[in-house]
Structure formats: structure tokens, C-alpha cells
Amino acid sequence: MKTYKQHLQEAISYHGHLCAGQIIGVRMARMALKILGIDEPIGFRDLIVYVECDRCLTDAIGVVTGCKLGKRNLKCMDYGKSAATFLNLQAGKAIRVYRKMRTHIPDDTDLTSFFDSTTDEELFSAAHVNVHYRPEDLPGKPLYAMTCPLCGEEVIDGRQVMQNGTHVCKACAGDAYYDVENCQ
């Protein structure tokens with residue numbers, strides 16, 4: 001596995017700047033991988049990571065683990081928490097790592113020095129967990145698809161919902177994050 005400094009530099013490069021989230025994400029991912037016994041995460045096909053926020057640490061976790069949304073092995077479960085669960089499908093084990101507390105970092109403090117003075121045990125708690133997932137949630141090709149009878153758009157891997165006895169997409173069921181202004 002790469003060194004902590006190599007991972008941090010890659011995370012900073014990917015994310016665009018050094019911030020507390022990069023340091024926390026790198027350390028969180030490295031801690032989880034160590035607990036799970038994964039020495040070389042890049043190319044390890046049986047790792048799925050569930051991040052619990054859409055913040056900076058997510059980028060760092062992706063860099064360290066090699067997991068990506070597009071590969072379907074990085075899942076964003078936006079609970080607004082500095083936490084992530086690392087699932088080793090091969091071993092059937094998962095570890096959830098979360099930040100113990102929000103630490104106030106004075107503006108004039110060097111981030112690297114600040115975090116270098118704390119141990120993983122001071123920053124994080126970890127617990128073995130069972131992850132509930134369906135075959136449709138695993139990486140790989142879609143297992144099945146359906147066409148929403150209301151909008152005509154394809155819905156893959158069981159993301160449809162039942163409404164009035166018919167399977168429809170979540171947007172047509174009223175769970176859209178957007179409003180259609182005009183349709184082409």
C-alpha cells in the first residue's frame with residue numbers, strides 16, 4: 001500500500017486543495033483497510049464503500065480505496081455524517097468508521113501538524129457491522145431494467161417504486177429532485 005503522505009498528496013491533487021476533510025478521509029480509509037486486512041485496495045474488486053456524506057472526505061476515501069460512483073463500489077448514503085462503511089465482499093466483513101467529535105481547528109493552525117498530533121483512536125471509532133445490500137446494488141452490469149410507463153425513461157436495478165399497483169420511476173412517484181419546465 002502507498003504511504004500516508006502519498007495518499008494525502010493524491011487526495012489533495014484530486015480534490016484541488018488541502019483541507020481537514022482530505023486528511024480525515026485518508027486516515028479513515030487507511031484505518032478501515034488495515035482492520036479489514038486489505039493491503040492493496042486499488043484493483044481489489046471486492047471492496048464497496050458506503051460514505052455517509054457528500055463532503056471533502058468522500059474524495060479522499062475514493063482516492064485511497066480506488067472506489068468510484070461509476071464503478072458502483074462507492075455508495076453515497078448522505079446522512080450528513082463523517083462516517084463510512086468499508087465492505088469486503090470476499091471476506092464477508094464490514095467495518096464502519098466514524099469521526100468521534102468535531103474538532104475546532106484554529107484558523108492559523110497548520111492542518112497537517114494538527115492532525116499529526118492525534119491518533120486514529122482519538123479521531124475515530126470503528127465497529128464491525130452487517131451491511132444490508134441486494135444483488136442489484138453490487139458492481140457489474142445491470143441485472144434488469146424496466147421502462148416507466150409515465151415518463152418513458154429506463155429504470156435499472158430495482159430503483160422503481162410501486163404506485164397504484166404499477167411500477168414507476170421515483171420521479172414520477174413524486175420523489176424528484178427537479179421540476180420539469182418543458183419537455184423535448
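## Packing of helix 2 against helix 3

In this predicted model, helix 2 meets helix 3 through G21, Q22, I24, G25, V26, M28, A29, R30 and L33. On the side of helix 3, the residues taking part are C56, L57, D59, A60, I61, V64 and T65. Sorted by class, the residues of this contact comprise ten nonpolar, four polar and two charged.

How far apart are the axes of helix 2 and helix 3, and at what angle do the helices pack? The axes are 7 Å apart, and the angle is about 40 degrees. The crossing of the two helices is right-handed.

## Packing of helix 1 against helix 3

Helix 3 also packs with helix 1: their axes come within 9 Å and cross at roughly 125 degrees. This angle makes helix 1 oblique to helix 3. Helix 1 passes helix 3 in a right-handed crossing.

Helix 1 contributes H7, E10, A11, Y14 and H15 to the contact, while helix 3 contributes C56, D59, A60, V63 and V64. Of the residues in this contact, six are nonpolar, two are polar and two are charged.

## The nonpolar cores

The largest nonpolar core of the model contains 33 residues. Within this core, M28, V49, I61, F86 and V97 have the most contacts. Two or more residues come from each of the following elements: helix 1 (4-15), helix 2 (20-36), strand 1 (47-51), helix 3 (56-65), strand 3 (83-88), strand 4 (93-99) and helix 4 (111-116).

Which helix gives the most to this core? Helix 2 does, with nine residues.

Q163 is found in strand 8, which covers residues 161-163. Is Q163 buried, partly exposed or exposed? Its relative accessibility is 28%, so Q163 counts as partly exposed; a buried residue would have to be under 20%, and an exposed one over 50%.

When neighbours within four places in sequence are left aside, Q163 is in contact with L150, V168, C172 and A173. Q163 and R72 are 91 residues apart in sequence, and their C-alpha atoms are 27 Å apart in space.

Terms used
Residues numbered from 1 in each chain as written. Predicted model: local features only at pLDDT ≥ 70, side-chain atom pairs only at ≥ 80, totals over all residues. Heavy atoms only, no water. Core = buried A, V, L, I, M, F, W, Y, C linked by side-chain atoms within 4.5 Å. Buried < 20%, exposed > 50% of the residue type's maximum accessible area, 1.4 Å probe, protein only. Helix = DSSP H or I, 4+ residues; strand = E, 2+ residues; numbered from the N terminus. Axes fitted to C-alpha atoms, helices over the stretch in contact; angles between N-to-C directions. Parallel < 35°, antiparallel > 145°, perpendicular 65-115°, else oblique. Left-handed = near helix turned anticlockwise from the far one by under 90°. Contact = heavy atoms within 4.5 Å. Nonpolar A, V, L, I, M, F, W, Y, C, P; charged D, E, K, R; others polar.
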